[in-house]
Amino acid sequence: MQVQENCTYMTSGAVMPFCKGCGHSNILKKLNEALGELKLDPKDVCLVTDIGCIGLTDALFDKVHTVHTTHGRSTGFATGIAVADKVLAEKRLKTIVLIGDGGSMIGLLHIVNAALMNVDLTVIVANNFLFGMTGGQQSSLTPEHFITQTTPFGNMNPSLDICGIAEASKAGFIARAVASDKDLSGLMAKAIQHSGFSIVEILELCTEHATKRNDLKGSMLAKMAEAEGHKLGILRNDVERREFSVKYAADVQSHLKEMKPPRFIEPIEGHKLKMPVGFIISGSAGERVQSSAGMLCQAALRCGLEVTQKNDNPVTQGSGFSLSEVIISPEEINYTGVSEADFVVVVSETGMKELKAQDIYQRISDKTVFIVDESIELDEVSSKVIKLPLRKMCGGDKASLGALDYVIRNYSLFDHEIFIKLLEKKFGEYSKIFRGEYYLDLV
Ligand code: SF4
Ligand SMILES: [Mg+2]
């Protein structure tokens with residue numbers, strides 16, 4: 001689209017909703033001018049706004065895309081938008097975040113992360129030194145000695161240097177300005193034009209909460225910044241760093257082409273199941289409990305069944321118990337947990353201890369079948385209990401697999417041959433997987 005001279009990106013007849021003298025009005029007028037200077041097609045501009053008075057921007061810019069987000073998260077949303085456009089779409093979008101000092105404090109790490117990634121977006125921090133919309137509370141960008149609603153005797157802390165943070169985060173374009181600067185639109189245009197992450201901190205007045213309390217005038221803002229050691233102007237303009245999508249194309253997309261496409265399990269008719277069957281399989285970490293449950297799921301899927309697997313283990317993944325709940329069903333399954341188990345497999349004392357801790361006896365019936373290693377003491381239950389020398393015959397690392405093999409073979413849940421094929425693909429000849437003849441004789 002040919003963009004006309006004096007194109008406005010703002011809603012016709014829009015009235016600034018801000019308090020008289022509020023810096024936001026000027027920032028937004030200058031942003032409109034900056035977009036005009038760049039002659040951007042309004043369809044190629046996305047404003048992402050944060051919570052706070054600056055978040056009222058959306059209604060003022062009805063010619064461009066706008067996304068209103070949660071507090072502090074605007075840069076996170078904008079990162080996703082910009083990456084999606086640059087990696088998956090037409091690479092035309094200019095994504096601009098409008099955030100206050102409060103929001104940038106809440107979502108600081110989103111800004112850091114976007115800068116580290118060097119995503120093609122511009123963050124405009126409208127810094128009036130306090131949370132304006134909620135009544136004038138102190139933010140991390142409030143200068144030392146500044147009076148706010150929550151610092152009535154003056155802020156005890158020095159202010160956070162957001163541009164310094166951006167610098168440490170390798171941002172390519174960094175600038176600090178005052179809202180009344182004559183060339184603010186030119187500065188914003190430069191930031192928006194920059195390919196990669198750019199940030200402009202704009203110092204401004206909240207006339208409602210800051211000026212009277214601090215006897216503050218717009219002409220004092222530059223001096224205030226200097227007193228905090230915060231320089232004004234363009235602080236960095238580095239065009240050498242590769243923008244995220246360029247890096248992504250070189251470092252990731254080229255490898256993706258070499259990757260084999262994912263293979264999906266093609267189901268065949270191999271079961272006669274009429275009802276869902278629930279398994280609870282419990283043992284010790286490092287003994288392939290969950291991967292054995294996974295193999296059960298794979299075989300059931302291959303036989304045309306629906307499956308779910310829900311795993312559980314302590315935070316320390318390499319020690320303690322390991323548990324899986326598996327449902328195989330001829331119908332769609334809407335809940336992943338097993339509320340009443342058909343089979344409970346227990347292959348170690350640690351696994352038994354955890355089942356007791358999880359009150360397993362509340363989830364069994366007299367139809368439940370326990371397949372338990374011979375070493376495990378089980379409480380008196382009305383369910384059927386089958387004790388097998390699983391650990392002795394299969395080894396600790398294949399005890400749960402041996403128990404599942406036993407169930408599939410003896411209870412005809414689905415075609416046992418399918419399970420055998422899966423085992424052989426992973427472990428080699430079936431007759432040698434479970435330490436030979438003894439196990440085969442038993443089953
Ligand atoms: S409360 Fe402060 S930031 Fe909000 S509109 Fe009024 S002057 Fe502007
Ligand atoms: Mg603010």
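Trainee: So two strands pair if DSSP finds at least two bridges between them. With that settled, which residue in strand 8 is the bridge partner of alanine 126?

Mentor: Isoleucine 202. Keep in mind that this is a predicted model. That bridge belongs to the pairing of strand 4 with strand 8, which is parallel and runs over 6 bridges.

Trainee: Which of its side chains point which way?

Mentor: Ser198, Val200 and Ile202 go one way, while Ile199, Glu201 and Leu203 go the other. Both sets are buried, Glu201 included. In a regular strand, side chains alternate between the two faces of the sheet.

Trainee: Zoom out a bit. What is the strand order in that sheet?

Mentor: The order is 2-1-3-4-8-7-9. The sheet is open, has 7 strands and mixed pairing. At the edges sit strand 2 (65-68) and strand 9 (233-237), each pairing on one side only. From one strand to the next, the twist averages 15°.

Trainee: Where's an antiparallel pair, then?

Mentor: Strand 7 (residues 173-178) with strand 9, over 4 bridges. Glycine 233 in strand 9 is the bridge partner of arginine 176.

Trainee: Which strands does helix 2 touch?

Mentor: Helix 2 (residues 74-88) packs on the sheet and touches strands 1, 2, 3 and 4. Its direction makes about 175° with that of strand 3 (94-100).

Trainee: New topic. What surrounds ligand 1?

Mentor: A shell that includes Cys19, Cys22, Cys53 and Cys206. His24 and His209 are also in it, as are Phe18, Met133 and Glu208. By class, the shell has 6 nonpolar, 5 polar and 1 charged residue.

Trainee: Last one, the whole chain. How many helices and strands?

Mentor: 16 helices and 15 strands. The radius of gyration is 32 Å, well over the 22 Å that the globule rule gives for 443 residues, so the chain is more spread out than a compact globule.

Trainee: What box do the C-alpha atoms fill?

Mentor: Roughly 90 × 55 × 40 Å along the principal axes. Of the 443 residues, 45% count as buried. Among contacts between residues at least 6 apart in sequence, 69% join residues at least 24 apart.

Key
Residues numbered from 1 in each chain as written. Chains lettered and ligands numbered in written order. Predicted model: local features only at pLDDT ≥ 70, side-chain atom pairs only at ≥ 80, totals over all residues. Helix = DSSP H or I, 4+ residues; strand = E, 2+ residues; numbered from the N terminus. Rg over C-alpha atoms; globule rule 2.2 N^0.38 Å. Buried ≥ 20, exposed ≤ 12 C-beta atoms within 10 Å, placed from the backbone. Contact = placed C-beta atoms within 7 Å. Near = placed C-beta within 6 Å. Nonpolar A, V, L, I, M, F, W, Y, C, P; charged D, E, K, R; others polar. Axes fitted to C-alpha atoms, helices over the stretch in contact; angles between N-to-C directions.
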